[in-house]
Amino acid sequence: MAEKVQLKQKISDGLNTLKSHWKTPPDGYYVSYKEFLNLALGSGSLSFLSVIISWTAIAINIPIMISYFKVSTGFVFVSSVIASLIGLLRAPILSMLIDNSNSKRGKFKPFLLWSAILTVLSFTFIPFIPESWIENVLFGFDIPAIPVFAVAASHIEVSLGVLVMFILVQLGTFFSTLLTQCLTGIEQTISPVSQERANIGAFKGLISNIPSSIVNIIIPFAAGLAFADSENPMNNIELYRWAFPICGIGGIILVLFAYFGTEERTVVHNKYVAKVKFSDGLKQMAGNKYFWIITIFNIAVAVRGNINMYLWICNYAIGGQTGAFVLTICNMVLNNALIPGMLLGPWLIKKFGKGKVMIISTVGFTVMAFMQLFTLHNPYLMLVAIFFQNLFNGLSYIANIMVSDVLDYQQWKTGKRLEGFWQNFNNFILTFFGLFTGALMPLFMSFGGVGFSDNIDTALKDPTTMYNTFKSVTWLGIIFSVICVIPMLFYDLTEKKHADYINALEIRAAVQNYKDGTLSDEDSVKVNEICQKAVADNNELLLKEIKKNGDTLNCISQIKQESN
């Protein structure tokens, strides 16, 4: 009886807390629960769109690519090189577009609606490309033999359908990248408090990933029911022709929540104007050691992700209706394996700091990568190893929160907000290295016996080739899992350092507002509290900031006293 009373009291307290902070943020924080929900729902747009983007990726483990468009590893390799070159051109365009945005709606919001719509139009048309276009070969090219890598000479044919598909993917990638960067920018600037951003990042991830989690469960289940007579139900193009428009419409609807219901909060003075020359932004990013730490980590993460072969395992190692059923279970279980990390992340950050938590995450993933090597003959044990990889990978969202902290550090150091430059210079570097790392997957597959011109769908149905490919690709994942650990050992931007940088920015903003005649009572109260605490704590960084702006701060203090 007492336990029921306690439970009712906890529920009542929770509802009262929700009600009291629905429109008013908790003490010391900036974001109300309503605004947080709008951000989470708006980010759910990316979750919906990730379904159509991931299922149209020009890759050698995507059913629509290997069954309908019949791409080979050679075409994937060449197209990835071309896409990388296009990405190198895309990065500076997007960075200048974002970091010089001064709209009344904010820095990022003006791009949300039209980038979402154009993303949907580009990707949704892909499964509707007629089969006759795919059979209409336009041209071909040869890939020479590379004996040192055991790559045989091959001839690659390109059809009208494949060419149109490639163009649509590139257009869709441009608009989806812009949409992703703007939603990420809103999340990075929604609060200047690092711990609040950590809380938001964790629980936003739980809510925003629901659409893709549900759809990725429904798609294999629906495929198994609707195309029961097919050897591989996931290869039927009709599946994607009804799923893509639904996901696209859902993505456009959800982005409206972020557009109308969130606010960007950067610690800048009232008359701040975003204006960054490309050369200056490039120079500042290149000199930021934390940028390189996180970028190197991201390069390695992109390659280690190839170890997650659950689609191959379900389609080829298990296969048939059983494989389609297991794929449905995997989409439920493997995706939800990220949840514990998201829930524990804020608590772990508060206790250990972001750097140490990321070391735990990367080391744990590496151990599970080695575990996969010993399970290659048992597809179900391989899936267990992948589950634990995802479990540790659930903490990887912390790397995005690190970016927010580093951008604040960069502003403290240079006076510029560089969200657009960060994301696009990072993408530029990732794309440049992608010219080389993109060849690793086809290369390691060739070690397993899948040639550059081979039909992957046919090659992996051979048990020997399949096993050897699983083994070589697992080694690729292991190598880059180890590389992921290394940069995180050098990350030393602690939570205390970040809090000091934010307080220094608050002082600078108040000083400039005073000079511009736009100082508010809130500014004067906040900056006086920061100065008093800095003196009491003998905070060296903030004392230097106070000394540098001493005369103005004295005037602000006088204004506060007179107002009292």
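**Figure 1. Packing of helix α15 against helix α16.** In this predicted model, helix α15 (residues 339-352) packs against helix α16 (residues 354-373) at an angle of about 120°, and the two axes lie 7 Å apart. This angle makes α15 oblique to α16. On the α15 side, the contact is formed by L348, I349 and F352, which meet K354, K356 and V357 of α16. By class, the residues of this contact comprise 4 nonpolar, no polar and 2 charged.

Figure 2. L39 belongs to helix α2, which covers residues 33-54. With a relative accessible area of 0%, L39 is buried. Apart from neighbours within four places in sequence, the contacts of L39 are I186, E187, I190, I200, K204 and T262.

Figure 3. Helix α8 is made up of 15 residues (194-208). From the first C-alpha to the last, α8 reaches 20 Å, close to the expected 21 Å. Because 11 of its 15 residues are buried, α8 is largely enclosed by the rest of the structure.

Figure 4. The structure holds 0 disulfides. The sulfur of C330 has its closest cysteine sulfur in C314, at 3.9 Å, which is too far for a bond; a disulfide would require the two sulfur atoms to be within 2.5 Å. C330 counts as buried because its relative accessibility is 6%. C182 likewise counts as buried, at 0% relative accessibility.

**Figure 5. Helix α20 and the residue that follows.** Helix α20 spans residues 440-448 and is mostly covered, with 8 of its 9 residues buried. The buried residues of α20 are L440, M441, P442, L443, F444, M445, S446 and G448. After α20 comes G449, which has a positive phi, near 110°.

Note on methods
Residues are numbered from 1 along each chain as its sequence is written. This is a predicted model: local features need pLDDT of at least 70, side-chain atom pairs count only at pLDDT 80 or more; totals for chains, interfaces and linings use all residues. Side-chain values use heavy atoms; hydrogens and water are left out. Helices (H or I, at least four residues) and strands (E, at least two) are DSSP runs, numbered from the N terminus. The expected span of a helix is 1.5 Å times one less than its number of residues. Buried means under 20% relative accessible area, exposed over 50%, partly exposed in between (1.4 Å probe, protein chains only). Contact means heavy atoms within 4.5 Å. Axes are lines fitted to C-alpha atoms, for helices over the stretch in contact, and angles run from 0 to 180 degrees between N-to-C directions. Angles under 35 degrees count as roughly parallel, over 145 as roughly antiparallel, 65 to 115 as roughly perpendicular and the rest as oblique. Ala, Val, Leu, Ile, Met, Phe, Trp, Tyr, Cys and Pro count as nonpolar, Asp, Glu, Lys and Arg as charged, and the others, Gly among them, as polar.
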